[in-house]
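Dear colleague,

I am handing over the structure below and would be glad if you could look through it before we talk. My notes on what was found in it come after it.

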Amino acid sequence: MLTYIAWALTYPARFRLVFGPWTVDSPELGEAADADALIDVVARCQAAGELPSGDPARLAALLRASARGAADLSAAGHLAADGKGHADATDLVDDLLAYLRPAA
């Protein structure tokens, strides 16, 4: 997730292209936006007891939505470790994972 945020903040135009509304049918964009790899990681973490059980696709969607929202807020200047939110995007994802681990 931290790599996802770093990519989103380093390449905001690509981030918006991949995860924003599409005006064309593009297999390349669909492949870039595919969440299967994240679902697999979540399922492996669940099996190892690092994340709570449940539908791995839904947990992956929650993690992805949180990371995407945090990256969006950070890019727009609404998050900063020393300012708004008292956290940057990676801090928030770290916090979410820390909240989820005890429930595993």
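Predicted model: local features only at pLDDT ≥ 70, side-chain atom pairs only at ≥ 80, totals over all residues.

Residues are numbered from 1 along each chain as its sequence is written, and side-chain values use heavy atoms, with hydrogens and water left out.

The chain holds 6 helices and 0 strands (DSSP runs, H or I of at least four residues for helices and E of at least two for strands, numbered from the N terminus), and its pattern along the sequence reads α-α-α-α-α-α. The C-alpha trace spans about 40 × 40 × 15 Å along its principal axes. Of the 104 residues, 30% count as buried (under 20% relative accessible area, with a 1.4 Å probe and protein chains only). Among contacts (heavy atoms within 4.5 Å) with a separation of 6 or more, 45% come from residues 24 or more positions apart.

Turning to the pair, the axes of helix α1 (residues 2–10) and helix α2 (residues 12–19) come within 5 Å and cross at roughly 110° (lines fitted to C-alpha atoms over the stretch in contact, with angles from 0 to 180 degrees between N-to-C directions). On the α1 side Y4, W7, A8, L9 and T10 take part, and they meet P12, R14, F15, V18 and F19 of α2.

Best regards

Conventions
Buried < 20%, exposed > 50% of the residue type's maximum accessible area, 1.4 Å probe, protein only.
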